[in-house]
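Subject: Structure handover

Hi,

Here is the structure I promised to pass on to you. Please have it open in your viewer while you read, as my notes follow below.

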Amino acid sequence: MRAILYPSEISGRVAAPPSKSMAHRALICAALAKGESRVLNLSASQDITATLAAMRLLGASAADMDAPECRRGAAAAYAHWSGERTVSGPGSLILKGTGGLPFAPVSGPVDCCESGSTLRFLIPLFSLTDAPVRFTGRGRLMERPQGVYARMFAERGLGFAQDADGITVRGALSAGEYTLAGNISSQFISGLLFALPLLSGASVIRITPPFESRSYVDLTLRALADFGVRAAFTDENTIAVPGGQTYRPCAYTVEGDYSQAAFLAVLGAARGGVAVTGLREDSLQGDRAILDILARCGARIIRTDGAALFEKSALRGTEIDLADCPDLGPVLMVLGALCKGETVIRNAARLRMKESDRIAAMEQELRKMGAELFSTQDTVTVRGGALHGADGLYGHNDHRVVMALAVAAYAAGVPAAIGGAEAVNKSWPDFFEAVRALGGKVELTDE
Ligand SMILES: O=C(O)C1=C[C@@H](OP(=O)(O)O)[C@@H](O)[C@H](O)C1
Ligand SMILES: C=C(OP(=O)(O)O)C(=O)O
């Protein structure tokens, strides 16, 4: 899909989509719970659909599809679940969980699509029995680092075999002490946190510093607590996980997504008059840092009437530490281009290991618009200046690159065309609808 964007008047009020991170977590917890949980405010993006389908393989099922308040969302999510068609838009779903171990025998490969969260969150859960389970994926997924699990399985004499198309694991994982590198991906730590409480013995996870993306581990602990499961930091880098626990079903509303709201926020700071609703002020999401970063750049942000209002502001460059908010990377490079002076983004190395090499992708595309930016392995420096239109932009099969480029075009008020724009379906199928709601003129074609 090609997105053709036209210079537009931008203003309006839109809802942040449901947090992808919290939706993965809520669905996994609900699928493990003893009884029925209701998960509200769920968007059927590709990544969330992959986690839902995997949970069905584990033995969870959708229930009570006819409850009136759930009908629309449940039908949409169920359609995804059963692979029937593509539907987007937030809804809700009732899930009947497995109640813990034993899980149903896994009848086929676990297709994680391009979702790192799905793959790394679910490997430990599917390794709680000693039957082999195959994980498959697409795009760059199997090139992204898995060494933390490979080592963990090897140390315990368990099976972990990776080839170009997938990974085959064979458990059974047992309770005990786990020492994990903290600077590859927090998703390994979250994955263990979902699985270990189901084992009969207690476990300890030790994280070797530097511990990056720490806020995502806090999100996992918050979701576990909401489903009645205990696990807690005993010091900065150690988590104690009692064994023999049961996930308790609950009604869970997925909060708004700060990572996605960041695209709208940067647009608002450059053009003015963009209000975003549905964002929890007390959220644990690391990407809430966008508010502080924008404020440091001189943006005026007003909390009013349940919304964060981003006003047009004179923006100046700043220093940004990305260690705890990597998903902001692409849009922060755009922000740098819109600011006066220099923006330096540090601790950005893990951007190179996402759906694309996000540093290389953004450098290549923003340069097509006249931006000046330079990088080392883990730092990006952007010099602000005027951007011009470009009709040959490419999304690098990366949702956050596509959305960041769209923000660059609307913020600068220049025309642009982005190839591979369908990548937004990974996390925010309604992204271009949100853009239209703000007045952004966009034509989506099949090319
Ligand atoms: O746990 C999560 O929901 C996520 C953790 C982060 O990954 P890393 O820990 O690999 O940085 C983030 O980039 C990803 O989009 C979502
Ligand atoms: C990297 C991302 O997700 P995941 O790691 O789940 O693929 C993302 O959403 O930017």
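To start with the ligands: the space taken by ligand 2 is the largest cavity. Ligand 1 sits in the largest cavity as well. Please keep in mind throughout that this is a predicted model.

**Ligand 2**

The shell around ligand 2 draws on two elements that each give two or more residues, namely helix H4 (116–126) and helix H12 (399–412). In total, 14 residues surround ligand 2, and the closest are Lys20, Gly116, Ser117, Arg144 and Arg400. By class, the shell residues around ligand 2 comprise 9 charged, 5 polar and no nonpolar ones.

Lys20 places a polar side-chain atom 2.8 Å from an oxygen atom of ligand 2. In the side chain of Lys426, an N or O atom is 2.8 Å from an oxygen atom of ligand 2. With Gly116 the backbone is involved: one of its N or O atoms lies 2.8 Å from an oxygen atom of ligand 2.

**Ligand 1**

There are 13 residues around ligand 1, and those that come nearest are Arg25, Ser185, Ser186, Asp327 and Arg350. The shell around ligand 1 divides into 6 polar, 4 charged and 3 nonpolar residues.

Here, too, there are contacts to look up. A polar side-chain atom of Ser186 lies 2.6 Å from an oxygen atom of ligand 1. The side chain of Arg25 has an N or O atom 2.7 Å from an oxygen atom of ligand 1. For Ser213, a polar side-chain atom lies 2.8 Å from an oxygen atom of ligand 1. Taken alone, ligand 1 exposes 380 Å², of which the protein buries 95%. Helix H1 (20–32) and H4 are the elements that give two or more residues to the shell around ligand 1. H4 is also one of the elements named for the shell around ligand 2.

Ligand 1 lies between domain 1 (2–16 + 256–445) and domain 2 (20–253), because both domains give residues to its shell.

**Backbone geometry**

A few spots deserve a look before you set anything up. Most peptide bonds are trans, and most residues other than glycine have a negative phi. Against that background, the peptide bond from Gly171 to Ala172 is cis, with omega near 15°. Ala172 belongs to the loop between strand S9 (166–170) and strand S10 (177–181). Another cis peptide bond runs from Pro209 to Pro210, with omega near 0°. Pro210 is in the loop that lies between strand S11 (203–208) and helix H7 (214–226).

Which residue has a positive phi although it is not a glycine? That is Asn41, at about 60°, and Asn41 is found in strand S3 (residues 36–42).

Best wishes

Key. Residues numbered from 1 in each chain as written. Chains lettered and ligands numbered in written order. Predicted model: local features only at pLDDT ≥ 70, side-chain atom pairs only at ≥ 80, totals over all residues. Heavy atoms only, no water. Near = heavy atom within 4 Å. Polar contact = N/O pair within 3.5 Å; in protein donor to acceptor, adjacent residues only side chain to side chain. 1 Å grid on protein atoms, 1.4 Å probe; cavity = no way out; pocket = protein on both sides within 12 Å on 5 of 7 lines; lining within 4 Å. Sits in = over half its atoms within 2 Å of the grid points. Helix = DSSP H or I, 4+ residues; strand = E, 2+ residues; numbered from the N terminus. Nonpolar A, V, L, I, M, F, W, Y, C, P; charged D, E, K, R; others polar. Areas by Shrake-Rupley, 256 points an atom, 1.4 Å probe, with all protein chains shown as cover. Domains from an automatic or database assignment.
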